[in-house]
Amino acid sequence: MSGTFLGMPSLPVFGIGNLHEHEPFPKAARRELGNTQLRANLGHATRTIRDKRLAVVSELPDWEELREAGRAIKESVMARLPELLEQFEANFTARGGTIHWARDAGEANAIVASLIREQGADEVVKVKSMATQEIGLNEYLEEQGIAAFETDLAELIVQLDHDKPSHILVPAIHKNRSQVRDIFLREMEGVDPELTNEPARLAAAARAHLRRKFLSAKVAVSGANFALADSGTLAVVESEGNGRMCLTLPETLITVMGVEKLLPAWEDLEVFMQLLPRSSTGERMNPYTSLWTGVTPDDGPQNVHLVLLDNGRSAALADEMGRSALHCIRCSACMNVCPVYERTGGHAYGSTYPGPIGAILSPLLTGITAEENNSLPYASSLCGACYDACPVKINIPDILVHLRGEDVDSKRGKRGKRGRERLPSQMDLGMKAASWALSSGKNLGLVEKALPLGRIAAGPDKKITKLPGIAAGWTQSRDIPAPPAQSFRQWWDKEHRAPAAPTDPTGTGDAGTGNAGTGSAGTEENP
Amino acid sequence: MKIALFATCIVDAMYPATARATVSILERLGHEVIFPAGQACCGQMHVNSGYFREALPVVANHVKAFEEDEYDVAVAPSGSCVASVKHQHPMVARRCGDAGLEARAAAVGHKTYELSQLLVDVLGVTDAAAQLGSYFPHRITYHPSCHGMRLLRLGDRQLDLLRSVAGIEVAELPEAEQCCGFGGTFSMKNADVSSAMLADKTANICGTGADLCAGGDASCLLHIGGGLSRQGSGVTTMHFAEILASTLENPAAVTGDVRLTTGRTAR
């Protein structure tokens, strides 16, 4: 363990770094929806990955059992996280590695920077990693005069363009190959000025650029997909082999990993190595899986460090309903099936973690009251596609609803500026009124007596095309039909008040339209 | 069998024809239908918008209303509202610390069925033309609503029932399993994203050349129908219960620009 004892933190410690929306989701989404290149790329890419995933998942007769096993293992890890972390620390340390504990993004960044400085280095190569994006490590190192080079091809493209990833698996999903060529020509040192947009030429240019970095870098920084408590082993799962280069060539290897990535034992990998590649890239097996256990003398990095990152994870763990969000293995299957993500892309979510998992994970890590993140749990129609696709069965829709409840409750009776009680929103008032109307048959019956008013509002076209306030969101693209002349309840009461009359509703006056005898209303009542 | 109808608030107030069709189908099969008068709403709008405190009286009312009468099973013509009764009601009670209500809600949920579930799994309806006299000479397409599909796992129950209606022609809907974008208050809070989802759904529906889009949830049909109406499309929406209730003698009326598959004009 590192020498810095952090003392007992005051709880909860919420996450900081790249976990926040900078504007409410609806506003960000509106802007992103206008980006036609993004929508075309995303639609194509998510459909392709969706189909690939379905194909390789349907090959496995025990897919549902695997998902259940993944869920159960992760649940047991969360239930005994402190114990497993200590077991991991003991094993990792015994094999020559050094552990550092970081309460939040600031501490993690400072630890990594000081480890790099100890080596007298001013540049590092990086393995694609969500944790280091979450803590904003590249930006921090740049401020410290240390250059961090992303080596995953898509991350490299995004970094060279001074942009942000829009998908956790395919970070440059929003760029086409001509855009990539332009970025390389503009930003890549010593690039061939005749570079075309052919994928093979682009890959060759990136390869030449990265080779120079791999061979010169003294320090590499990585994340980790898994950590095995019973042996102190770390694992990185990737496709390109560039990660393997970083993990083996430099003298010093610094890994930053969220504390939730632990698995109890080696045999648990069996489950996750079946779940992860199929769920993320739609492959049976990923091309490169690197595992390392501390230091191996004269082979690979001789100076090996692990920064264990909390950054809001303990706070998420303390939320009984939300804690299963920590089961996430960052496969991105939920994004690829999400109809909201498919249309807005990842930037609309602000945080490093976009899509359905981001909509729950970000506010769980930062706290639901963090600025603008309270709009994230509403960024879903609750269609449930994410829950079905999740390889570890995170019930994302239920957690979204739970967080909406937390958000609503956090605003109740809250004092606004100048100490005045916050005025209830239109939504608050509407929900309160609806609660009265819908909590007894008598009340609803009273409200239904006003249906003819709606018919007047609808006018001769029998449709309502413009509503005020929050309901204007509905009428921006949708009409509302004129309400019926009488509610079902009113019809039933009439029918059953006079037991002499048969339950044949032909007597409702619209027999001319033909279908009343079937129990269906005619056009009069169902415009 | 004595069957308690849960009309659902949206059907009660906006689409009474759907509830009347449900009554008609069940009575045709020889069952007695009752309508517990205290019923109002499942409370899903409140729950899904995070207003648990406001949802509690709505949930409590539903549980009470469906405890008051003696009946064998309850049925609603909505996958979404049934999923709410089965899954959300006990959760709301738990969250609000009412263990007694939680147990009672679970008991009511246990005997509540979505209409196609009841027809196929309990009442053994597999051929609507033969068993219900269903006749509907139109070209339709079908949108399987998310909650019926994913929370109740209805599978093809509704679609299979529709396919067994005499005279019907069913066109397959591309990307049918994609959400229409309704999502309750999502359609207002995230109106732009919701509208983008709806635009893709209506384009797929219109591309099938169907006269109308059938479904099992009035709320989704209100959304899809509202979009089609705004776009000036002649394609309409209809609940599958109304199609099952339609007979040769009393065919369901369809608004909009409808062609009969027999070659005649409907209107």
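Colleague: Which residue stands opposite B:Tyr142 in strand 7 of chain B?

Modeller: In this predicted model, B:Ala214 of strand 7 of chain B faces B:Tyr142.

Colleague: What makes strand 5 and strand 7 of chain B a pair?

Modeller: Pairing requires at least two bridges. Strand 5 (residues 139–142) and strand 7 (residues 212–215) of chain B have three bridges, in the parallel sense, so they count as a pair.

Colleague: In what order do the four strands of the open sheet in chain B lie?

Modeller: The order is 6-5-7-8, with parallel pairing. Strand 6 (169–171) and strand 8 (236–239) of chain B are the edge strands.

Colleague: Why are strand 6 and strand 8 of chain B called edge strands?

Modeller: Each of them pairs on one side only. On average, neighbouring strands of this sheet are turned by 40° against each other, direction ignored.

Colleague: How many residues of chain A are in contact with chain B?

Modeller: 67 residues of chain A contact 72 residues of chain B. Helix 18 of chain A gives the most to the side of chain A that touches chain B, with five residues. By class, that side of chain A has 30 nonpolar, 25 polar and 12 charged residues.

How values were computed
Residues numbered from 1 in each chain as written. Chains lettered and ligands numbered in written order. Predicted model: local features only at pLDDT ≥ 70, side-chain atom pairs only at ≥ 80, totals over all residues. Contact = placed C-beta atoms within 7 Å. Helix = DSSP H or I, 4+ residues; strand = E, 2+ residues; numbered from the N terminus. Nonpolar A, V, L, I, M, F, W, Y, C, P; charged D, E, K, R; others polar. Axes fitted to C-alpha atoms, helices over the stretch in contact; angles between N-to-C directions.
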